Structure formats: C-alpha cells, structure tokens
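This report describes the chain shown below, beginning with the pairing of its strands. It then turns to helix packing and to individual backbone features.

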Amino acid sequence: MKRSAFGFLVASLFAIRGFAVPPPETSLNTCQATVQNEGKKFVQNTVTAVGTCLKRVAADLIKNTGPVSAATGKACVAQFRKLNDTRTPPADKDITRKFRDAVTKKCEPLFTPSVTHTINDITAHAGGGVTEKIKTVNADLWCKHFGGDGSIDSVSEWEDCLVASFNCEAAAAIASQFPRAGEWLNSIGLFSAMGAVVAPPTDASRTADAINGVTIFNTTLDPDFDGIPNPSCGGGGVACTTACCYVENTAPNSPEVSCYEYTGPAASIGTFLGGCAGTTSIPAVGGPGAQVHTGVVGPCFPAPSPLNLAPCLPGLNRHVLPTDASCP
Ligand SMILES: [Ca+2]
Ligand SMILES: [Ca+2]
C-alpha cells in the first residue's frame, strides 16, 4: 500500500486524537461510489420531476382538449422547484445542490477527517498517493463538451461536468417520451398557469424559481427554442470545425492541384485560413501562371477544385493535417 506523506501525516494526527480514519484507497473508493449513487438519483429525480409535470400538461391538452389547468400549474411549480431553488443553502435543496453537496462531502480532500485521498488521486494529473486512481484526466477533453476548460483540476470542476451531462441525459429521455416537450415547456399556457400559483410569504421565490427552472431545462432540451426537442448532450459544445486549403497552379499546361485539410477550434481555423489565402508565388516552370491558394470552410472533397476544377483525392493529392489536440 502506497500512501503520500501528507495523507499519512493527516491519518496519523487523527489516529493520535482517537479518530478512525480510512486509508486513502477506501476514501477514494467512497468518492467514486458516491458519484455513482448520487448520479443515478440526479437523473431519475430530474426525469421524474419533468415527466410528472408534462404528464399533467398532456392530460389537459390531449385528453381534455382544454388549456393547461390551474391544478397542472400548481403541480408543475412543485416539480420544477426541485430543479431550481435560488434560496441560500441550506434552504436550497434542489437536485443539483443535493448532488453537489453529497459529492463534495465524500470527494473534496480533507472536507471531513474521513476524506484522506488527494485531488491527484481523483484526477491522475500528477502524483497522488494511491496506486489505482479515479482518473478524471480521461474525461478532460470530453467535459469540454459541457463547458469545461479542458482540464479537470478540482472536485468542483468534475461536478460541473457531471451536472451538465446528467441534465442532458434527462433531457434526452424527456425528448423521446414527450415529443411535444419543447413546445409545451415554452408555452404561454404553462407559464400562465404556473405564474398564477401564489408563493407563500415564507418562500417568496418559489413560483419564480420554478418558472426559471422550466426555461433552464428547456435550454438543454430545445437549445434553438423552435419547439422541437434537440438535446445535443454536448455534441454541439465544442466548436471544432474543419477547413480546406486548395493549392493550385494556374499554368495552362500544368494545372496542378493539391489540398490540405485541418480540424481545429475557431481561432486555429482562422489562422489556418489566413495563412492559406491568396496568390503566393508565380511559378517559373511550366510557363506563365500563378500558385493560388484558396481556403474554404468544410472538408476537402473529391469535388472539383475552385480554379482548375480538378479533383482532390485521398491518397493522391489530399493531405490531412493532424487534428488540433484540444478537439475531443
Ligand atoms: Ca480546469
Ligand atoms: Ca429545437
């Protein structure tokens, strides 16, 4: 059993004081198990809350062919408050808050004397005291899909990624169960029925929180707000695009073409296209003519090149540059 000097020191101090502290291996495993247990609850509770509201909306509209009822408004306020509670903790007990609190308690190093592992035992970025780590480093790039900075360096950053991906998972389930979820969660009828629910004086933000909860959930369910659910689950979260640079010799007797394809984030694509643009030289061989570079957004295709109308084919004259390392 390998243990960091720091972890050993902490364990020794608590041992001296009479606390029974788990070894970092046990502590780390408790963190991993908590993420699983709490993650399962997060997704189930979110799908249940949203589904309970939508089931009532469906009954009002489909079965009774009427407007969204006052009773549905009331039920939807109760359900969506579970998704968004802006009160100050500990009053705030929404699904996200409960999840983050539970994970922080078992994963944040030294949060309690029982948490004896280090952040590097979780991330595996460097060092760490245990042989087998959780290794969030494997999710560093993937979590960029959910707004991450490409390097999970804290428990809080891992939680950010977990919360965003769980919300997307819940939205995907709702989108398949209720094909009209996007339309209903963005309808005047629902907002009016919910808005009519009077919040108690002891909890003044209740109705407003729930209505905002609808909009927040709908942002993941139907990001373009056209009423048709299209949860991307991170698929549209990283702006890496592909561009092509055609290099053509315009000499009449040697119309050569080659092309270079590159995939990267917006800034790198801008540099690539900037470096590609324009006429760069006048070749002497083959008579008069110019070497013209043309940059286009999108992959290089075997379709005709812009000037010589010649194909650019893989294995012949198409070159694919390595994809930028920051792209998932
Ligand atoms: Ca970071
Ligand atoms: Ca949509």
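This is a predicted model: local features need pLDDT of at least 70, side-chain atom pairs count only at pLDDT 80 or more; totals for chains, interfaces and linings use all residues.

Two strands are taken to pair if DSSP finds at least two bridges between them. In E4, asparagine 249 has glutamine 291 as its bridge partner. Strand E4 covers residues 291-297 and is joined to E1 by 7 bridges, the two strands running antiparallel. E1 itself spans residues 240-249 and also runs antiparallel to strand E2, residues 257-265, with 9 bridges between them. On that side, glutamate 248 stands opposite valine 257 of E2. As a general point, side chains in a regular strand alternate between the two faces of the sheet.

**Overall composition**

The chain contains 10 helices and 5 strands. Of its 328 residues, 34% are buried. Among contacts with a separation of 6 or more, 65% are between residues 24 or more positions apart.

**Helix packing**

Two helix pairs are described here. From H3, the residues Cys76, Val77, Phe80 and Arg81 take part, and they meet Arg206, Thr207, Asp209, Ala210, Gly213 and Val214 of H9. By class, the residues of this contact between H3 and H9 comprise 5 nonpolar, 2 polar and 3 charged.

The second pair consists of helix H4, residues 95-107, and helix H6, residues 155-177, which pack at an angle of about 145° with their axes 10 Å apart. The crossing of H4 past H6 is right-handed. On the H4 side the contact involves Thr96, Phe99, Arg100, Val103, Thr104 and Cys107, while H6 contributes Val155, Glu159 and Val163. The residues of the contact between H4 and H6 divide into 5 nonpolar, 2 polar and 2 charged.

**Backbone features in the loops**

The loop between H3 and H4 holds proline 90. A cis peptide bond, with omega about 10°, joins proline 89 to proline 90.

Which value does phi take in leucine 110? Phi is near 65° there, a positive value in a residue other than glycine. Leucine 110 belongs to the loop between H4 and helix H5 (119-123). Alanine 124, in the loop between H5 and H6, likewise has a positive phi, of about 65°, although it is not a glycine.

**Exposure of selected residues**

| Residue | C-beta neighbours inside 10 Å | Class |
|---|---|---|
| Leucine 110 | 13 neighbours | partly exposed |
| Alanine 124 | 16 neighbours | partly exposed |
| Proline 322 | 8 neighbours | exposed |

Proline 322 counts as exposed because it has 8 C-beta neighbours inside 10 Å. This proline lies in the segment after strand E5 (318-320). Where the chain is followed residue by residue, proline 322 and glycine 264 are 58 residues apart, yet their C-alpha atoms are separated by 9.2 Å.

Notes
Residues are numbered from 1 along each chain as its sequence is written. Chains are lettered from A and ligands numbered from 1 in the order in which they are written. Helices (H or I, at least four residues) and strands (E, at least two) are DSSP runs, numbered from the N terminus. A residue is buried if 20 or more other C-beta atoms lie within 10 Å of its own, exposed if 12 or fewer, and partly exposed in between; C-beta atoms are placed from the backbone. Two residues are in contact if their C-beta atoms, placed from the backbone, lie within 7 Å. Ala, Val, Leu, Ile, Met, Phe, Trp, Tyr, Cys and Pro count as nonpolar, Asp, Glu, Lys and Arg as charged, and the others, Gly among them, as polar. Axes are lines fitted to C-alpha atoms, for helices over the stretch in contact, and angles run from 0 to 180 degrees between N-to-C directions. A crossing is left-handed if the near helix is turned anticlockwise from the far one by less than a right angle, and right-handed if clockwise.
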